[in-house]
Every structure is written in structure tokens, then in C-alpha cells.
Amino acid sequence: MFHITDIKFRYTELTMTTQYRSTDGIAWIELDNPPVNGLGLATRKGVVAGLERAQGDDQVRAIVIIGSGRGFSGGADIREFGKPEAFAEPSLPAVIAAMEGCSKPIIAAIAGMALGGGLELALGAHYRIAAADAKIGLPEVNLGLLPGAGGTQRFPRCVGVETALQMIVSGKPVAAAKLAQTGLFEGVVEAGELQQAAIDLAAKVADGSAHPRLRDQSVPAGDHAQAIAAARAMVDKTAPHFPAPKRCIAAVEAACTLPFDEGLKLEGQAFVDLINSPESKALRHAFFAERAASKIDDIGPEVQPRQVRSVAVIGAGTMGSGISLSFLSAGMPVQILELKQEALDRGVAHIRKTIERSVQKGRISAEQAEQTMALLKPTLDYADLAEADLIIEAVFEDYAVKDAVFAQLDAVAKTGAILASNTSTLDLDRIAAQTQRPGDVVGMHFFSPANIMKLLEVVRGKDTAKDVMATVMALAKQIRKTAVVSGVCDGFIGNRMIEQYGRQAGFLLDEGALPAQVDAAVERFGMAMGPFRMGDLAGNDIGWAIRKRRYVEQPEMIYSKTADLLCERGRFGQKTGAGWYDYQPGDRNAQRSAEVEQMVIEHSAALGVQRREISDEEIVQRLIYSLVNEGAQILAEGIAARASDIDLVYLSGYGFPLWRGGPMFHADQVGLDEVVAAIDGFAQRYQGAAWTVSPLLRELAENGKRFNG
Ligand code: NAD
């Protein structure tokens, strides 16, 4: 016995997602719920049914739980999130209790991955073996939760407190090989040997009388108090706004100090508290927002993306060089084109410097850096771009310049090449009309610095072909960007909203606030940077140029004049050493500027405005609700397909606090009726012309509805 004798043996189905077979004294329970063997209700039922069948079969002397396809199990079945099935019996703790109550030895044989609930299931087994490259982890903290099926109690008992804290609090998985020396595994083998190893282990343990259960063991000795204190200090510093890491630590501490069942109870309470916490709701929202954003309603899997093997970038300035870096880092060949040798050299030098910095930081080897640089081909000649599959334009934000570039691209690019523009505000349809192939034209709006910022707004023109959209969405994944589709409008999703935010910030100055107060208030709310510090970083001249165009195109749109006055003084921001704040040479720290504050106060006087004390609450509401209001309008116009897309834009591109889930989600939490009441109040009191409540926002509020479901 205990040899693979019948490899063709068919499993019998216990449920649609669990298979069972018994051969040579071993019962094999196979998790079979693609794509990641999520532990949905049917799978949980299947495991329990398998255990019962094995218990009742005298021929069976050992049980192996194993996964089919991509791995052991990726944990909870996210298709059941928010549904009653998620918590229906048998719950995961009940399945694990059934395993621990089984008189026959259970072996979890792990290939591919055991994550979250998948690992907790394995911890309920008496023995575990794994393929060396299997990913092992408890990532619940990433959704603002903690492992809620005993993971916080059983995991420290086999890997020790330090490793458990490290893995549960960070949520980062590690390869099984890294845990080979811990009490987690009986053995770590090569992936191809896992089944035989399970059979060998079954033979070894089949006749033993008592099988070890982690619940009966204590945490390995060590300086637990010290490890726990260190983890607390780290979390206080790095994740002060999230309750989950703190609760994870408290649960691991309980594993050291409390009897097992009491620790389990503490873990269970923490799980219930966390799942109802606004922070976890926000993180789960962001998680689902990202998945939703990758889908385009009218573009299904039947639309084949085009092949993109090489990229060309026009313009080697701030954006062009950052965009090039994004593709180079993903191993794609990039041609970069400029009009003048000097500008080209500057861009290439910047790219080289950035790559060399990665070597200094130990992120890549010197050899990798050379290989990456070898992928870059600088050129001054449009004719060289004839074979490029994708050409991204990042020249000056000016119709005349862009029109000329696109006309030229139309002349040289091969048939089927995708022509993309990185424009921040200009009309993509007008740009596309410069070519004979508007279907091939798309917006790829990167954010600065383009090699670092996650967000990519993919702008769909009225003629953009479906396969072009599918290609760009797939490419975004390849270069690790978070892609969100936007329709054509001035500023697309993100910048159109930030425009309203910036306008309110300006009005606040006129009415009585100072830049430092406004920035501090929204930074306390959680924005990575207030509007004035952000202006200084991005360059106030950029907004100035946009406003000058708007004064002509939309004369009815009113602005505070303070930003123009600032620019008239040459205070463009960090790059000129002076903006809304003063900067010491070589120092990016913003210092309050007496000159600017004087300018703001004098401007109020010139307007005849009696400056008043403005509360931080009003500042935050006016800035954040201006985003919400414009977001609603963007949704109503179909520029964004869903509210969660807007949230994703703000979370990944504008430093909106993750624990608040994005502006639209935040408004849902506040209550849309309250948001509307606040805006109505502001509109009545001052700057009436600056506020018009979006009809969609008002309608949702009146009907007690939300943006996000
Ligand atoms: P930049 O001034 O740093 O770079 C523009 C580059 O284009 C310059 O190096 C210039 O020499 C080159 N150029 C001009 N005309 C050209 C032509 N006909 N052929 C080839 N090269 C030409 O500007 P930037 O900040 O990189 O912005 C470029 C584009 O990206 C703009 O459309 C801008 O709106 C957009 N954008 C900028 C940011 C940002 O934060 N800077 C963010 C997103 C998008």
C-alpha cells in the first residue's frame, strides 16, 4: 500500500467544488473551486462531507486535503463577499473543528498557495507538507481584517511569535521554503514530489494513536513581550489610521497569554469589530473598485487585444521620460523622440540617472540596469518610428504642437499602430481628427512622476476602437498601473474634479483662510498633500496656463484671482524656489511666506471682503464635497462608468486617504443628504456662483440612495 497505483482513478464529486477518492488506505479530499479554490459554502460542505466519508470507511487510515489547479486555496471565495453564504454553516471554523475532531490523521498537502482562510484550513490539519515555491500567507490585514478562523492563534504556535507577527501584520506572503525550519511543515519538497511526499507521510503517521493539533501546543518560547512591543511601535508609526494591524497584534499576544479557546474568542470578536469598521469597508471597496475598473461594459473577452512589442514616446520632458521608464522597467523596448539633440540628451540622462538610483538602492543589479538601458533607443527622426506598435505623445500641452505631432505620426506609423496622447486636459477627439485613423487614437494620461504613480486614466475617444481599449487596459497591467477609463471632457475624471477643489481653496483664501491653514486642515483629514503644497510641487504655472484658456472658453466660471497674482510674481512653486510657500535651496519643506499671506489679505481688502475665521470643518467640507459634486456630474455625463472608478482615480492618483475609500465612498458614509445640505448651505452664504449641486447628487440624496450600490 501507499504507492501511486492508479493514477487514472476518478474522483467522485462531493459537491461541485470538492472531489473525493480513496485509494490504498488514503482518502484524498481535493479542493476544486477555480480559479483559486476559494472556500465558498459548497467547498466547505464538501470538505466536511469528505471527512465524514473517510471517518466511516474502515479502509481509510489517513486523509490528505489537497488543491486542484493553481494551488491549495487562496482563502475565502470573494464571490460570496457580503452574501449570507459567506457565514453559512459549516463556517470555516466549523470545518476546522471537524478536522481537529477527526480520529484519523489529516495531512494538508500544499502546492501553489495557501493564503488567508486557505492557510487557516491547513492549520486545522494534523500535519502539513508543502511545495517549496508555494506562497504562504495571511493577507487579511490588507482588507482591514484579521485571520478570523483561528489563524492568529494557531499560526504563532507553529512558526513563533516574531514570524507570525511579521506575516499577519504585513499581510505579505512568503515562499514555503522560507518557513521550512518552523513547526509549520513536516516537510517542504519540490512541487512535482508533493503527492508522493503526502503518501509517504501518510504511511508514517497512519497507525499513530494521537495526532498533533496546534490548539494543544503552546507558542515557542522567546521574548514575546519585546516582539509585541516592537510590532506595536512599528504599526503606530506606519499605519496609525487603521485598526486592523493593532487588533492582529493583540490577537497574537492573546495566543501567548490566554488559553487557546479564549484566544479564539478574542480573535472572533476582533473579526466582527473589524468587518464593521469604516476602514475595512473602505479597503474592501477599494479592492472591488480595482477589479471593477479593469472591465469595460461593452468590451468582452471576444475582443482580441493588439500585439504590443515595442513602444515609442514623443517628447523626453518630465512625462516622456517617466513614461519611458515605466515601459523599460517592464522589459519593453522604447524609442524616445525629441526635436533637438540637447533635449533628447537631457531626457536620456534623466532616465539613466533614475535607473542608476535603483541600482544604488539595491532594487536591481548593475547588469539589469545595463540591460534596461539597452532597450532604450533615442532618436530625432520620425521615420524611425515606422515599426512601433504603440506611440505615446507627451509634448507641450498645446493644440498646435499636438496637432502637428499627430499629423506626422499619421504619416509614419504603420497600419494598426496605436497612437496615444498623454494630454491632461485637451480634447482627444480633436487630436484624433488630425489623423486618418481616429479609431487608433486613445488617451493614456499618466501622472507625475509617471514611473512611480500608479494611476493611468485611459481616455476613450468617440471613435477609439474596442481592441485599442482592450490593448491599453492589458498593457496597463503589464506596466503595473491601475487603469481607469474616462470619457472625453476637459480634465478627464481626476483633473476635472481637482479643478473644483482648487477653486474652493482659492475662495477660502479670499474669505479669510491662509494657505497653511487650508493645507493643514485637509492633510489632517488625510489627503497626502493640501492644495497649495500640491500646487507648489506640480508648478503653479501649469494651472495658470489652463485658467487663461478657461477665461476665454468658459467666461462664466469664476475663480479667486490669488493664484494668478502669485504667478504674476513668478512664484511658480518649488522649481522657482517660491510659490504659495518659501523654499530654501535644496529643501522641499514648505515655509510659510509672509509675502504671500500679505498678498492674500490685501486681495480680500481689494475685493471689499471682510475676512472671517474659517473652521477646519468648513475647509474640509468645501474641498472634499467639491470633489463629490463634480464626481456626481462626471458620473451623470457617463465620463466615468461607475462611482468606484472615481474613487480609484482619487486613491491611486491624488493621495486621497485609503481608509476613507475615495471621495464618492466617503460621501456615501457621510450620507448624501448631509452632503447636499452642506453644499446648499455654502451656496447660499457665499460665492453662490461657485456651487451648483449636481442634479444626480440631489436626486440620489432625495431618494436615500448612495453612489456605490
Ligand atoms: P515638458 O515640458 O517637461 O516636456 C515636453 C517635451 O516635449 C519637451 O522636452 C519638448 O522639447 C518636447 N517637445 C515639444 N514639441 C515636440 C515635438 N513636436 N516633437 C517632439 N518633442 C517635442 O512637459 P511635460 O510636463 O512632460 O508634459 C507633457 C504632456 O504631458 C503635456 O500634454 C502635459 O499636459 C501632460 N501631462 C503632464 C503632467 C505633469 O504633471 N507634468 C501630468 C500628466 C500629463
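**View 1. Salt-bridge network in the predicted model.** In this predicted model, salt bridges link Asp490, Glu499, Arg549, Arg550 and Glu553 into a network. The structure as a whole holds 42 salt bridges.

**View 2. The pair formed by Arg533 and Glu523.** Arginine 533 and glutamate 523 form a salt bridge, with 3.0 Å between the closest N and O atoms. Arginine 533 belongs to helix H19 (residues 531-538) and glutamate 523 to helix H18 (residues 515-525), so the pair ties together parts that are 10 residues apart in sequence. Arginine 533 is partly exposed, at 28% relative accessible area, and glutamate 523 is likewise partly exposed, at 25%.

**View 3. Two further salt bridges.** Arginine 592 pairs with glutamate 597, and their closest N and O atoms are 2.8 Å apart. Arginine 592 is exposed, with a relative accessible area of 53%, whereas glutamate 597 is buried, with 15%. Aspartate 463 forms a salt bridge with lysine 462, where the closest N and O atoms are 3.3 Å apart. Aspartate 463 is partly exposed at 39% relative accessibility; lysine 462 is exposed at 64%.

**View 4. Helix H27 and its packing.** In helix H27 (residues 695-702), the buried residues are Leu697, Leu700 and Ala701. Viewed down the helix axis, these buried residues fall within an arc of 100 degrees, so they line one face of H27. They pack against helix H23 (616-636) and helix H26 (672-685). Exposed residues Pro695 and Glu702 sit on the face turned away from the buried side. After H27 comes glycine 704, which has a positive phi, near 65 degrees.

**View 5. The sheet E6-E8-E9.** Three strands form an open sheet in the order E6-E8-E9, with mixed pairing. Strand E6 (113-115) and strand E9 (174-175) are the edge strands, each with a single partner strand, so one side of each has no neighbour in the sheet. E6 pairs with strand E8 (residues 135-137) in the parallel sense over three bridges. Leucine 115 stands opposite glycine 137 of E8.

**View 6. Surroundings of Ile136 in the largest nonpolar core.** The largest nonpolar core has 66 residues, of which Ile136 and Phe155 touch the most other members. Beyond its neighbours within four places in sequence, isoleucine 136 contacts several residues, including Ile110, Leu119, Met167, Val174 and Phe185. Another core, of 65 residues, lies apart from this one; among its residues are Phe447, Val484, Tyr583 and Leu651.

View 7. Cysteine 489 is buried, at 12% relative accessibility. Cysteine 567 is also buried, with a relative accessible area of 3%. A search of the whole structure finds zero disulfides.

Technical notes
Residues are numbered from 1 along each chain as its sequence is written. This is a predicted model: local features need pLDDT of at least 70, side-chain atom pairs count only at pLDDT 80 or more; totals for chains, interfaces and linings use all residues. Side-chain values use heavy atoms; hydrogens and water are left out. Buried means under 20% relative accessible area, exposed over 50%, partly exposed in between (1.4 Å probe, protein chains only). Helices (H or I, at least four residues) and strands (E, at least two) are DSSP runs, numbered from the N terminus. The arc is that of the directions from the helix axis to the C-beta atoms. Contact means heavy atoms within 4.5 Å. A nonpolar core is a set of buried Ala, Val, Leu, Ile, Met, Phe, Trp, Tyr and Cys residues joined through side-chain atoms within 4.5 Å. A disulfide is a pair of cysteine sulfur atoms within 2.5 Å. Two strands pair if DSSP finds at least two bridges between them. A salt bridge is a side-chain nitrogen of Lys or Arg within 4 Å of a carboxyl oxygen of Asp or Glu.
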